[in-house]
Amino acid sequence: MTQFSSRFGGILFALLVVSVASPVSFAQRRQQQPPPPTGPWMNTSLSADERADLVIKEMTLDEKIAMLHGVGMPTDEPVTPENAASNRGVGYDVGVPRLGIPGIDMSDAAYGVRSSGVNGRYSTALPANVAAAASWDPDAAFEYGALIGRELRAQGFNMSLGGGVNLTRDPRNGRTFEYLGEDPVLAGTLVAKLIEGTQSEHVIGDIKHYALNDQESGRNSVNIHISERAARESDLLAFEIGVTKGHPAAVMCSYNRVNGDFACENKYLLTDVLKKDWQFPGFVLSDWGGTHSTEKASTAGLDNEEPGDFFYSDKFKAAVEAGTISTAELDEHVHRILRAMFAAGMIDYPRQRFVVDPFAGFETARKIEESSIVLLKNEHAALPLAAARLHAIAVIGSHSDVGMISGSGSAQVDPIGGNAILPPGKGATHWLEEMWFPTSPLKAIQARAPKAKVAYDPGTDPAAAAAAAKGADVAIVFAYMWASEGMDLKSLTLPHDQDAVIAAVAAANPRTIVVLETGNPVTMPWVKSPAAILEAWFAGSDGADAVGNVLFGSVNPSGKLPNTFPNSEADLPHPTITMPPPESQHFSGAVSRETWAKGLPPFQVTYDEGAKVGYKWYEAEKKPVLFPFGFGLSYTTLSYSGLKATSGDKISATFTIANTGAREGSEIAEVYAMLPEAAGENYKRLVGFTKVKLDAKQKQAVTVDIDPKYLSIWDERKNAWSLLPGDYTIAVGGSSVDLPLKATLNLK
Ligand code: BGC
């Protein structure tokens with residue numbers, strides 16, 4: 001079964017693609033590459049809109065219709081005339097070969113280019129997106145996106161399907177690792193930079209999954225109910241920032257329903273908000289199999305059906321011929337797609353295959369990981385380790401002798417040589433299976449402590465692990481929780497009895513360091529016992545070196561949590577995830593194409609927590625947490641002073657950060673606001689942040705500008721953002737619960 005069909009619960013592939021014709025030879029494939037574009041639209045002094053219109057003038061009806069849909073999933077299919085010119089990614093639109101307009105060749109690219117293995121290619125695995133969020137570093141996010149753009153181009157793709165920015169409304173969501181945390185300002189700011197980076201390489205970038213696709217369970221049928229104000233101030237705000245600041249050429253609408261309508265035929269989301277209010281000039285493509293109608297979807301604002309052509313080919317043409325879809329509406333879809341192609345530069349800078357630079361990729365992946373690792377606990381300065389004083393080190397658990405875990409699903413990047421826990425070459429990637437990258441913490445630790453005896457224990461038996469830890473100078477326990485698209489976690493408990501292993505090791509050796517490899521928050525019943533805890537996320541191609549550098553102190557940790565770690569599932573807005581009834585469940589059993597097309601019967605999930613996502617919820621509900629949003633320690637000490645909050649041309653917060661310790665370090669300064677009482681919010685909001693690098697004993701004055709929108713409420717009556725007059729409390733510090741500086745800002 002292909003990955004696609006397994007994702008779709010057994011729907012036959014052939015039903016989704018245009019046609020399955022006889023295979024095409026390599027020579028024919030080469031001939032089918034379109035000639036380099038010529039024509040008046042190649043005049044680069046014209047705007048992308050003008051250029052798109054010049055092409056449209058020349059197009060036939062069939063050529064227009066052909067632009068509105070994909071031709072299947074070339075990765076998983078034989079070569080056919082329709083997909084022959086594709087690069088064998090997850091989606092392909094044919095372009096306008098007669099006019100030299102290239103096809104759109106899409107690859108998933110959340111934390112690196114997907115499906116390289118099956119095509120015999122290589123790509124870098126960056127740390128998971130949630131790790132990039134933990135860096136709170138817009139420059140790192142740009143580099144992240146740029147690396148993805150470069151490697152896509154080098155492999156022959158010209159469109160990225162990345163940019164996941166759904167908020168972590170439920171920390172059990174299996175795709176939490178693909179997203180950028182629970183706060184719309186942090187997530188939106190970073191996704192904008194990531195997209196800028198990708199598009200700087202002349203590749204179309206998209207952001208996804210628009211919108212409110214915050215649980216995987218029943219994602220194709222669930223109807224999310226949420227108030228307009230709550231949506232605008234939470235999930236939609238992350239997209240708004242991403243769209244208006246990052247200028248993605250495309251937005252992918254999500255599978256779920258929102259307030260009654262599927263997201264991909266939801267006029268409110270696609271037209272009223274995205275295209276009108278945010279002035280998004282690019283195109284909307286459906287998530288894979290997320291289109292459910294022709295007229296309704298078209299009028300609502302869906303421009304492009306992926307990956308097949310069930311609704312946006314013959315049915316669309318018939319609707320245009322019958323006049324139920326106007327030519328103007330058809331042209332608008334085509335215009336948006338062409339405009340995006342010109343604006344992203346993929347026509348002026350045709351993709352050019354070259355050998356990816358794996359060394360540069362490793363370095364970027366390592367540096368981002370180094371700025372993303374979060375030091376959660378460090379009693380008696382247990383870290384950093386001083387190699388010269390260590391004679392025996394016990395390394396325990398999580399296959400840390402050979403590798404580190406990654407996040408799966410359509411984000412999966414293929415490890416070099418295959419899955420590291422299988423014999424080399426035997427580890428092809430499979431849907432919903434754990435994949436381990438060959439980056440060995442054990443080797444990284446031994447390399448940094450060459451004189452120490454470093455012993456490995458697999459951490460499968462608490463007693464054996466404790467015995468291995470007992471005589472060592474330090475015990476380093478690695479623990480993991482794998483996650484994937486297509487599933488949610490049953491709980492936030494580490495699997496495979498790892499809690500018991502950690503507890504046993506920490507009881508046997510007071511100098512126990514826990515290194516977590518997770519994309520989601522986890523609970524830690526043992527939190528009081530180990531001397532130190534690091535969150536290393538899904539650490540990417542060179543994760544082990546990054547972890548080694550932090551453990552031994554050549555890198556000072558500076559990441560902070562982009563998601564709250566709660567004490568228990570009972571404290572979540574929804575203590576249990578609402579599961580779909582059998583008829584709304586698509587991951588098990590076959591579903592006919594017709595049933596699928598109509599849309600599986602809805603089941604209801606109400607986000608009655610509203611905009612209180614993550615830390616806002618815990619604060620409003622007065623629930624203590626395990627580790628708060630924005631929290632992370634450093635090997636140095638920092639202090640904050642002298643806050644001034646001002647308004648005028650700009651609203652800003654100015655303050656001083658001092659590194660009071662003996663070594664350099666970077667600090668993420670966080671700026672929060674409590675709105676005037678009239679807003680009716682009993683929680684604060686993140687409204688700005690900055691990451692500053694400071695030498696030992698260095699002091700620096702910093703100014704953080706605050707976008708007035710981040711201080712505003714969504715006024716449903718006026719259908720607009722509204723900045724309320726009154727007193728705002730501006731609070732500044734190093735985490736959402738450690739805000740030593742406060743000032744009042746009065747806005748008229
Ligand atoms: C995922 C998208 C992905 C698409 C193509 C869908 O199942 O939700 O994120 O881009 O498949 O693989």
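Modeller: A charge sits over a ring if NZ of Lys or CZ of Arg is within 6 Å of the ring centre and within 35 degrees of the ring normal. Arg169 lies over the face of Tyr607, 4.6 Å from the ring centre. The charged end of Lys684 is placed over the ring of Tyr672, at 5.8 Å from its centre.

The model is predicted, so local features need pLDDT of at least 70 and side-chain atom pairs count only at pLDDT 80 or more, while totals for chains, interfaces and linings use all residues. Residues are numbered from 1 along each chain as its sequence is written, and side-chain values use heavy atoms, with hydrogens and water left out.

Tyr672 also belongs to an aromatic cluster, together with Trp136, Tyr615, Phe629 and Phe689. Rings of Phe, Tyr and Trp (its six-membered ring) pair if their centres lie within 6.5 Å; planes under 30 degrees apart count as stacked, over 60 as edge-to-face and the rest as tilted. By this rule there are 14 aromatic pairs. One of them joins Phe310 and Phe311, whose ring centres are 5.0 Å apart and whose planes stand at 75 degrees, so the pair is edge-to-face. Another edge-to-face pair is formed by Tyr312 and Phe316, with 4.8 Å from centre to centre and 65 degrees between the planes.

Helices (H or I, at least four residues) and strands (E, at least two) are DSSP runs, numbered from the N terminus. After H12 comes Gly323, whose phi is positive, near 80 degrees.

H4 and H13 are also the packing partners of another helix. The buried residues of H3 pack against helix H4 (61–67) and helix H13 (327–344). In H3, residues 48–58, the buried positions are Ala48, Arg51, Ala52, Val55 and Ile56. They cover an arc of only 140 degrees around the axis, which puts them on the same side of H3.

Strands come next. Four of them form an open sheet with antiparallel pairing, in the order E24-E23-E28-E29; two strands pair if DSSP finds at least two bridges between them. Strand E24 (685–694) and strand E29 (741–747) stand at the edges with a single partner strand each, so one side of each has no neighbour in the sheet. Direction ignored, neighbouring strands of this sheet are turned by 20 degrees against each other on average. Strand E23 (residues 665–674) is joined by five bridges to the antiparallel strand E28 (residues 726–733), and Glu670 stands opposite Gly733 in E28.

Ser135 lies in helix H5, residues 129–135, and is buried, with a relative accessible area of 1%. Leaving aside residues up to four places away in sequence, Ser135 touches Ala140, Ser371, Ser372, Ile668 and Lys691.

All five of the five residues of strand E10 (residues 374–378) are buried, so E10 is largely enclosed by the rest of the structure. Four bridges connect E10 with strand E17 (residues 532–535), and the two run antiparallel. In this pairing, Asn378 stands opposite Ala532 in E17.

Definitions and conventions
Axes are lines fitted to C-alpha atoms, for helices over the stretch in contact, and angles run from 0 to 180 degrees between N-to-C directions. Buried means under 20% relative accessible area, exposed over 50%, partly exposed in between (1.4 Å probe, protein chains only). The arc is that of the directions from the helix axis to the C-beta atoms. Contact means heavy atoms within 4.5 Å.
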